Amino acid sequence: MTGRPRFFDTITGRLVRPILFMAVLMCVIVVPVRYWFSQVFIGNEFELGVAARVEQLSHIIEERWSVADLNAQLAKVQFHSEYDFAFVTDGADGKVIAASNPAWVGLGSRTVLAALPKLEYHGVTRTVALLQPRDYGKNAVTLHLRLDRGGVTRAAELSALIALAVLSALSLAMIFVVASVSWRGVQAPARSIIRFLKDYEEGGNIGALAPTAPRELQDINEALARTVAERREKDALLSKVLRGAADGILVIGEEGTIEVFNAAAERMFGYSAAEAIGRNVTLIMPEPEATQHTNAIKRYRASKQSRDTVFTAEVRGKRKDGSILPIRLSISEVCTNGRRRFAGIIYDVSAAQVAREKLLLSQKLLEALREAQTAFIATYDIKALCERLVEILLDSTGSEYGFLGEMLLKPTGEPYLLAHATTNIAWDAETQKLYEENQATGMVFCNMKTLFGAVATSGEPVIANDAANDPRKGGLPKGHLPLNSFLGLPIKAGGTLVGMAGIANRPGGYDRSHVELFTPFLLTAGNLILAYRSEMARRASEAALATALRDAEAANHAKSRFLATMSHEIRTPMNGVLGMLGALQQTTLDGQQREYAQIASDSGQSLLTLMNEILDLSKVEAGKMELELAPFDVKDLASDAIQLFKTNAKTKGLELSVEFAPLLQSRVIGDASRIRQILSNLIGNAVKFTDGGSVVLRVATEPGVANSVELKFDVTDSGIGITAEQQVRIFAPFTQADSSTTRKYGGTGLGLAICRELAELMHGSIDCTSQPGQGSRFTLKLMLERAKEAVAEAPARCPHLAAAPKKNAPLRILVAEDVAVNQKLLRVFLEPLGHHVDMAANGLEAVAAVERFGYDVVLMDIQMPEMDGFTATQKIREMAGRAGQTHIVALTANAMSGDRERCIQAGANDYISKPIKMTELYAALDRVPSNDVQQLQAAGA
C-alpha cells in the first residue's frame, strides 16, 4: 500500500493519467465521429444507388409501355433488401398499374403505402412522360420507389464498434508500455526533474541529472533547460519590446485592474508604471467613458463568454493633468491558466485628428473658393467676390470680423488699400455713416503705420495675438470693437502684392498653421484679382473702342450727310450750267462762241467727274457700293474704253491701241460699268502721263475654277514712269506720285484709290510695275463667271450716243421742280421734240395736277418745298384708277448709294440723277411702256 502513492508520484504516474484521459476522450469522440462518417459515406453510396435505380426504372417505363411487359420488368429488378419495392400509378386516378409485387396492381397508392411494414424507408417519386402511350392512353405515369435504409445504419454501427475495439486495444498497449518504463527506475530522475522545476520557479537553473539516469530522462532534462533559457530570452525581448513600443500597451484583469503599463503609455498619459499598475483602468478614462467601461466589464463578466475578436474604437483618454487625449484603442482577450485578461494597444490620434481636421477644412475652403470663383467668372463682381472670401475666412477660423481688398497706388506712388469687403461691426453713428456711404465703392485705408500697413509694406503675413498692446494697433476708428488678435495675409500674383486680407479676434489667436492653410486660398484670390483687373481693362478698352466706333460712325454719317447735301447743292446748279451749255451748243453759234461753250462744258464735266469720284470713294468706304452683274462682251468693253481717249491721244501724238489674246473668252458676267470706270481711269492716266510713244491695252483670259474665267487687262505706256517708293503710295486716296506744289500734272489723286477699291469689291486685284523714264504697266485681274455666247445681235455699245428718243409720239409731261433754271432747262430739252410740258413748283401742286389731269410721265424732283418728291409719289400711288399708275421718273441731285432704291421703294418707276443729261432724259422717256402711253393719252383725250 505504501508503494502505490509513490508510484503515482513518479513520472510514470504523471504520464499514465494523460494517456488514460486521451484514451477515454478518443472513445468518446472518435467512435461517434466514426459512426457519423460511416453514415455519410455509406449514405452517399446508398443515395447514388437510389438515383441509378430511378433512372433505370424511368427508362424502362418510357421505352416499354405495356402493363404486362412493365410488370414483368419490375419483377426482374434486383433490390438490396427484401423490403425494397417499386410500383407505377396512373397519372389521372392514382391506381397501381404495374408493381414489383403483382398483388398490388389495381390498388390505390395510399393503400399500398399504408400496408407496408414500419421500416426506415427512403422514398422517391418521379413522373415519367410516355413516349408511346398504348394501354391507358395517358401521357404520363408516376414511379414510386421505396428502399430500406436500415442497412446503412447497421453498417455505421458496426464500423463504430470496430473503431472502439481498436482504440481500446491501443490504449491498453500504451498503458502497458508506460507501466513497464516506470518500473525500470525512473522515479529518482523524475524527482530530480521536479526539484529542478521547483528551483527554476525560485529563480534557479535546471541542473544536470546523474549519469546513471535513463537517456530519455536526460533528454527531457536538457529540453527543459533549453526551454527555460528560451523562455527567459523571450521574456527579456518582450520586456524590451514593451519599453520601446511607440504605442501604449496595457494589460488589465477581469476586474479592470492594470497589470502591464509600458513606457509609451507612461509618456502618453503622464503616469509612471508604478503609479498605474494595480489601479483600475478608469484612471486614464474621462467621464462618461469611465462609467461606460465599468458597466461593460460587469456585463462581460456576467456573460461568462470568451471572445476571440479584437475590439477597436476611437475614444477619449485622460492624462494625469486632466487634459483630454483622443486615442484609438484595440482590445483583445487573453486567457492564461484559466484567467481572462485584456490586452490593449493605444494609438495617440491627436496629431492625425488635427491633420484630418486641417484636411477637411482645406477641402471645405477649396470647395467654397471654387464656388466663389465660378460665381465671379460669371459676373466679375469684385465686391460680391470679396464678401464671399471674407465669409470663408471667418467661417474657417471662427474669427469675429475681417476685411479683404486690393492694394493700389496713388498718383504719388504711395500704397493704399481699397477694401471691397469689410465686416460691419456696429461702429458709432459717424463711422457707420462712413461705412454705408463707401459700401458700394469700397473703404479706403491709407495709414500704413498699422497692422495691415505692416502687411502692405513688407508683403509678408503679420500675426499679432496681443494686438491690444501691439505698437502697430493704430488706425482703428472711433467706436471700433476691441482688437484682441489679428492675422494679416498678403495676396500676391506673380510675386507682386495685389491685395490683402485681414481677420481678427479668433479665440486662441493665430499661428503659422493658419498661414499655411490659407496659402492656396491666397494664390487663387490673387489670380482672381488679376483676372478682375484684366477684365476691367478689357471692358474699358471695349468701351473706349465702342465710343471711338460710335464717334467714327457718327463722323462717317456726318460725312455721308455732308456729301449728300453737297452733291445735291452742287448738282442742282450744275444741272442748269451743263444743261444750258448743252442747249446752247444745239443753237447756231460762230466758231469762237462754240469754243467758249465747249470749254465751259468740259470744265463742268471735269467738276462733275471730281464730284462723282468723291461720291464713289465714299460709297466704297461705307460699304454701300453695289455691283450690277450682267453679261457683257469683253472686246466691246475694251474698244469703248479706248475710243473715249482717241481724241486726246491724237492731240498728243500718241499711238493708242487695244490688243486681244487669241483665245480670249469674250462673254462674261460682271459689272461692265465699273470695269469700264477702272479702265477709263487707267487709260486716262496713261495718256495724261505719256508725252510721246504709245499706250496699249492688252486683254487676255485664262481658265479659272469650275465655270469661271480670269480676266486680265494690261495698260502699258511709255510715259514718265514711277519710282518704287511712289508705287507704294499711288493707290492711297488723295495721293499722287508727284505731290509737290509745282507738280506738272493735275488731278485729285482719287482715281487709282477708287480703282483698287472697285477691283477688291469685285474680288480682283490691281498692280503696278514701273521704272522712272521707262513707262508703266498697270494690271487689272478679275475672276468672273463665263456667260453664254450671244445668239442675237448685241445692242449698241454706246446707246447714249444717240441723242434723239426712239418714241415719236408726243407725251404729256408734268415737271415737278422748284428751281426755275431747271424748269427752263427741261422745257428746252422736251418741247422741241413736241412733248407737252406742265410745271409744278412743289409736291402739293404735282399731286393736285396729276389728280386733275392725266399725264403720260411725271418728272418728280425729290427735294421740294411744301411736300417733297417721296411723299408726292406715295400720294399719287394711293390714287384710284389710272392716275395711281402714272409713270414717275425721279429727279434728284442726291447720287449717294441707296438713293435710287429709296426712290423706287417710294413708288417711282425710274431714276435720273442731276445734272440731267439730255441722253439720259431721252433714254428714260424711251423706257416708258408703250401701252401705258397709249392708255394715258386715251384717258387724257
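What follows is a short chat about a predicted model of one protein chain.

Q: What should I know about the model before using it?
A: It is predicted: local features need pLDDT of at least 70, side-chain atom pairs count only at pLDDT 80 or more, and totals for chains, interfaces and linings use all residues. Residues are numbered from 1 along each chain as its sequence is written, and side-chain values use heavy atoms, with hydrogens and water left out.

Q: How many helices and strands are in the chain?
A: 28 helices and 27 strands. Both are DSSP runs numbered from the N terminus: helices are H or I with at least four residues, strands are E with at least two.

Q: How much of the chain is buried?
A: 40% of the 941 residues. Buried means under 20% relative accessible area, exposed over 50%, partly exposed in between, with a 1.4 Å probe and protein chains only.

Q: And what is the accessible surface of the chain?
A: About 51,400 Å², by the Shrake-Rupley method with a 1.4 Å probe. Carbon and sulfur atoms hold 56% of that surface.

Q: Is α20 mostly covered or mostly open?
A: Mostly covered, with 12 of its 17 residues buried. Among them are R674, N681 and L682.

Q: Strands now. In which sense do β23 and β24 pair?
A: Parallel, over 5 bridges, between residues 812–816 and 836–840. Pairing requires at least two DSSP bridges between the strands. L814 has D838 in β24 as its bridge partner.

Q: What connects β23 to β24?
A: Helix α23, residues 820–830, in a right-handed β-α-β crossover. Right-handed means that, with the strands pointing away from the viewer, the path from the first strand over the helix to the second runs clockwise.

Q: What is phi for N505?
A: Near 60°, a positive value in a residue other than glycine. N505 lies in the loop between β15 and α15.

Q: Is N505 buried or exposed?
A: Buried, because its relative accessibility is 10%.

Q: And E866, buried or exposed?
A: Exposed, with a relative accessible area of 64%. Phi of E866 is also positive, near 70°. The residue is in the loop between β25 and α25.
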